[in-house]
Amino acid sequence: VKWSNNIPAAGIWRICIPPIHGSGAEYTLTVESEFTERLRLHNILIGDVWLCSGQSNMAFYFRKIVPAVKLNSSHPYTTYTRLLQLKKDYALTPQLEIKAQWVQLNRHNAALFSAVCLVFGTELFKLVHPVVNGDLDTVTPFGLICNAVPGTRLQAWSPPTANSECINVGDRCTSIDPDFDCSESDLWFVDK
C-alpha cells in the first residue's frame, strides 16, 4: 500500500493511514522523499495502545517486584507487546516530538519499565487472548506507554477545571465506606 503527501510550509509532515485491523503481522514502514532520502522502520505491529500515567506508584520498576512476579518468556504476550517509556522531560507547552523508542517486551526491557503498567498489560493480554492448545486464534498486539513522573502534584495530571470542581465536592460526595467523611477538606488535594 502506498500513500503520499506534501510537506506544508510549517515543515511538519504527516500522513493519515486508514484504520488497519490488528492481526499480529509485522509491518515495515518506508518513508521516501523526492530527494531519494529513505527511512525504514521494521517490526511494526498494529493493535491497541494503553497509556499508563501517574506518579511514583506508576514509575515503580518491574525489576523491584521480581521474583514475586515473573514474565513467562514463552507466552505470546512477549511477542505481541511493545513498550514505550517516556522520558521525564518537563515542558509548559505541548510538544510535537518525544525522545523515546518502542521496544519489544523481554526481560531486559521490562526491568526498568513500570511494574503496574506491565502487569496490567500482560494480564489484560491473557484475558483478551486466551491460549487454546498452545495457539492463539487471533491476536491484537498491545502497546504499553508509561508516562510516570514521581513527585509531581496531582493538579499537574488534571484538567484546569478539576481543581475548582473538587473544592466544593464534599456536599456531592458519596462513598461505599461508611467511615469516610467527604466533607473533611484535608482529604482533598486542592489549593484553596
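Colleague: Okay, quick overview first. How many helices and strands are in the protein chain?

Modeller: Four helices and six strands. From the N terminus on, the elements go β-β-β-α-β-β-α-α-β-α. Keep in mind that this is a predicted model.

Colleague: And what share of the residues is buried?

Modeller: Buried residues account for 23% of the 192 residues in the protein chain.

Colleague: Pockets next. How much space lies in the largest pocket?

Modeller: About 2200 Å³. The lining of that largest pocket comprises 46 residues.

Colleague: Which of them lie nearest its centre?

Modeller: Trp-13, Ile-17, Leu-29, Val-31 and Leu-41.

Colleague: Which element gives the most to that lining of the largest pocket?

Modeller: That's β1, which contributes six residues. The elements that each supply at least two residues are β1, β2, β3 (48–54), β5 (103–104) and β6 (142–148).

Colleague: How do the lining residues of the largest pocket divide into nonpolar, polar and charged?

Modeller: You get 27 nonpolar, twelve polar and seven charged residues.

Colleague: What about the second largest pocket, how much space lies in there?

Modeller: About 640 Å³. It has 17 lining residues, and Lys-87, Asp-89, Tyr-90, Ala-91 and Asn-147 are the closest to its centre. By class, the lining of the second largest pocket splits into nine nonpolar, four polar and four charged residues.

Colleague: Switching to the surface. Which residues form the nonpolar patch?

Modeller: Trp-3, Ile-17, Ile-20, Tyr-27, Leu-29, Leu-39 and Leu-41. Together these have about 590 Å² of accessible area. Two elements give two or more residues to the patch: β1 (27–32) and β2 (38–44).

Colleague: Why does Leu-41 count as partly exposed?

Modeller: Because its relative accessibility is 41%, and partly exposed covers the range between under 20% for buried and over 50% for exposed.

Colleague: Now charges. How many salt bridges are there?

Modeller: The count comes to two. In one, the side chains of Glu-32 and Arg-38 meet at 2.6 Å, N to O. The other joins Lys-126 and Glu-123 at 2.8 Å, N to O.

Colleague: What lets side chains pair up like that?

Modeller: Opposite charges can pair when the charged atoms come close.

Colleague: Is Arg-38 buried or exposed?

Modeller: Arg-38 counts as exposed, because its relative accessibility is 54%.

Colleague: And the other pair, how are Lys-126 and Glu-123 placed in helix α3?

Modeller: They're three residues apart in helix α3 (residues 115–128), so about one helical turn separates them. Lys-126 is partly exposed at 33% relative accessibility, and Glu-123 is partly exposed at 44%.

Colleague: One last thing on Lys-126. How far is its C-alpha atom from that of Pro-76?

Modeller: The two C-alpha atoms are separated by 8.8 Å, with the residues 50 apart along the chain. So for Lys-126 you have a place in helix α3, a salt bridge to Glu-123, and a relative accessible area of 33%, which means partly exposed.

Methods. Residues numbered from 1 in each chain as written. Predicted model: local features only at pLDDT ≥ 70, side-chain atom pairs only at ≥ 80, totals over all residues. Heavy atoms only, no water. Patch = residues over 30% accessible without salt bridge, like charges linked within 9 Å, V, L, I, M, F, W, Y side chains within 5 Å. Areas by Shrake-Rupley, 256 points an atom, 1.4 Å probe, with all protein chains shown as cover. Salt bridge = Lys/Arg side-chain N within 4 Å of Asp/Glu carboxyl O. Buried < 20%, exposed > 50% of the residue type's maximum accessible area, 1.4 Å probe, protein only. 1 Å grid on protein atoms, 1.4 Å probe; cavity = no way out; pocket = protein on both sides within 12 Å on 5 of 7 lines; lining within 4 Å. Points joined across faces, edges and corners; volume = space filled by probe spheres on them. Nonpolar A, V, L, I, M, F, W, Y, C, P; charged D, E, K, R; others polar.
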